[in-house]
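Thanks for coming. I have one structure to go through, and I will keep to what can be read from it.

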Amino acid sequence: MSDSTVREEPELIQLLTPDGEYVPHPDYPFEPATAQVRDLYRDLVLVRRLDAEAVALQRQGELGLWASLLGQEAAQIGSARALEPQDMAFPSYREHGVAWCRGVRPRDLLAMFRGVTNGGWDPYEHNFHLYTIVIGSQTLHATGYAMGVQRDGALGEDGTAVITYFGDGATSQGDTNEAFNYAAVNNAPVVFFCQNNQWAISEPNDRQSKAPIYQRAAGFGFPGIRVDGNDVFACLAVTRKALQHAREGQGPTLIEAFTYRMGAHTTSDDPTRYRTSAEIEEWRRKDPIARLRAYLVREGKADDGFFDAVEAEAEKLGEQVRAECRALPDPAPLDIFREVYAEPHRELDRQRAEFADYLASFEGAEGAAR
Ligand SMILES: Cc1ncc(C[n+]2csc(CCOP(=O)(O)OP(=O)(O)O)c2C)c(N)n1
Ligand SMILES: [Mg+2]
């Protein structure tokens with residue numbers, strides 16, 4: 001075609017069709033061993049349940065906000081199960097599936113969205129950084145960390161790789177483009193994992209990016225790949241290869257996981273205002289869990305007993321999440337003065353005293369000012 005703005009549909013790496021058929025790809029080797037596939041299924045179901053419980057808890061007034069991962073489970077579980085323990089992940093705010101794989105306790109995620117923690121979790125306990133709300137800024141943190149890894153001489157076959165998660169909307173931020181450029185010129189061992197869930201709140205992808213997101217990488221001088229983000233096998237195989245590439249000193253890769261945000265942007269959003277039910281229906285047919293289940297059944301790798309056991313485990317997780325959320329202690333109001341600065345200083349002491357006086361001015365509030 002002569003119109004240079006018309007482009008062909010880019011290739012999408014897919015190993016598992018929506019009907020659950022496994023189709024090997026020569027560039028992305030993946031052996032679907034039964035135990036591993038069953039574990040992936042379990043992860044997908046459990047994080048979907050964790051997410052559904054959190055949405056319900058927000059509706060019941062137990063959480064201030066929640067950003068649902070519904071529909072993005074395969075992108076998160078596939079990529080996170082490709083990580084080695086020594087790898088470091090820098091998430092955005094929707095990566096509950098990645099948090100799950102890195103061993104972050106659900107109650108620590110809930111505490112953040114309940115507003116009862118001034119931190120979250122210890123990033124070094126899980127090699128999983130804190131959630132980042134400032135869109136795209138974690139791509140720079142990850143690039144800087146990756147350059148540190150490089151300077152520490154921690155590369156090599158069993159070395160450390162870094163991954164950062166961000167959305168399609170984040171690719172419109174300067175930070176993200178600066179991170180791409182800096183990672184490229186420094187050959188930093190970082191994987192840029194973009195979950196293109198088609199929306200940045202109410203802004204559709206075609207209002208954000210004229211070119212397919214993964215093709216941006218070429219302009220910065222590193223490889224970009226588009227993967228079916230609802231295919232857990234493909235997300236795992238593609239991410240594993242990119243991480244290995246980084247680990248071995250071959251620099252960054254951009255992975256665009258083509259997926260869909262099935263729920264609202266957050267519990268404060270109403271997506272019926274800006275998108276059609278037909279669009280949601282189209283994506284429902286590509287559901288990441290249904291297709292893995294279809295594969296397991298088709299291949300005779302799981303029976304009803306297995307699916308029932310996973311369901312029972314999900315029920316138990318739901319109960320645990322609800323109980324733990326309601327039991328989270330409120331922070332003492334003056335804790336904030338201890339948790340921001342490493343060392344106390346005069347101005348902080350003054351502000352603390354002022355706030356303590358203010359609290360004490362309420363009847364019965366004596367106990368609050370600890
Ligand atoms: C620097 C900055 N600008 C604007 C916002 C407000 N904001 C919060 S989420 C969001 C959309 C992000 O979309 P995307 O990157 O696609 O991630 P998704 O929420 O779809 O996972 C925006 C604009 C913000 N948090 N930070
Ligand atoms: Mg998005």
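Predicted model: local features only at pLDDT ≥ 70, side-chain atom pairs only at ≥ 80, totals over all residues.

Start with the layout. The protein chain splits into two parts, domain 1 at 9-327 and domain 2 at 333-369. Taken over C-alpha atoms, the centres of domain 1 and domain 2 lie 39 Å apart. One pair of residues gives another distance: E21 and D335 are 314 residues apart along the chain, and their C-alpha atoms are separated by 54 Å. E21 belongs to the segment before α1, the helix at 34-59. With a relative accessibility of 37%, E21 counts as partly exposed.

There is also a record to mention. UniProt, in an unreviewed entry, places the feature "domain: Dehydrogenase E1 component" at residues 44-318. Over residues 44-318 the chain is 46% helix and 11% strand. The end C-alpha atoms of that stretch are 14 Å apart.

Now the metal. Which residues coordinate the magnesium ion, ligand 2? They are D168 through OD, N197 through OD1 and W199 through its O atom, at 2.1 Å. Along the sequence, the donor residues follow the spacing D-x28-N-x1-W. As for accessibility, N197 and W199 are both buried.

Is Q198 buried or exposed? Q198 has a relative accessible area of 13%, and the cut-off for buried is under 20%, so Q198 counts as buried.

N187 is in the loop that runs from α7 (174-186) to β3 (190-196). Here the relative accessible area is 32%, so N187 is partly exposed.

Next, the open space. The largest pocket holds about 470 Å³. Its lining is made up of 29 residues, and those nearest the pocket centre are Y93, R94, I135, I201 and H265. Two strands, β2 at 162-167 and β4 at 199-200, each supply at least two residues of that lining. Sorted by class, the lining of the largest pocket has 11 nonpolar, 13 polar and five charged residues.

The largest cavity has a volume of about 30 Å³. Its lining consists of G71, N230, Y260, M262, W283, R284, K286, D287 and P288. By class, that lining divides into four nonpolar, two polar and three charged residues.

Last, one helix. Helix α2 covers residues 73-80 and is mostly covered, with eight of its eight residues buried. The buried residues in α2 are E73, A74, A75, Q76, I77, G78, S79 and A80. As a reminder on helices, an α-helix has 3.6 residues a turn, so residues three or four places apart point the same way. In α2, E73 and I77 are both among the buried residues, and so are A74 and G78.

To recap the metal site, the magnesium ion has D168, N197 and W199 as its coordinating residues, and N197 and W199 are buried. That is what I had.

Terms used:
Residues numbered from 1 in each chain as written. Chains lettered and ligands numbered in written order. Heavy atoms only, no water. Domains from an automatic or database assignment. Donors = N, O, S within 2.8 Å, 3.2 Å for Na, K, Ca; no water. Buried < 20%, exposed > 50% of the residue type's maximum accessible area, 1.4 Å probe, protein only. 1 Å grid on protein atoms, 1.4 Å probe; cavity = no way out; pocket = protein on both sides within 12 Å on 5 of 7 lines; lining within 4 Å. Points joined across faces, edges and corners; volume = space filled by probe spheres on them. Helix = DSSP H or I, 4+ residues; strand = E, 2+ residues; numbered from the N terminus. Nonpolar A, V, L, I, M, F, W, Y, C, P; charged D, E, K, R; others polar. UniProt positions renumbered as here; feature names shortened; annotations may be inferred.
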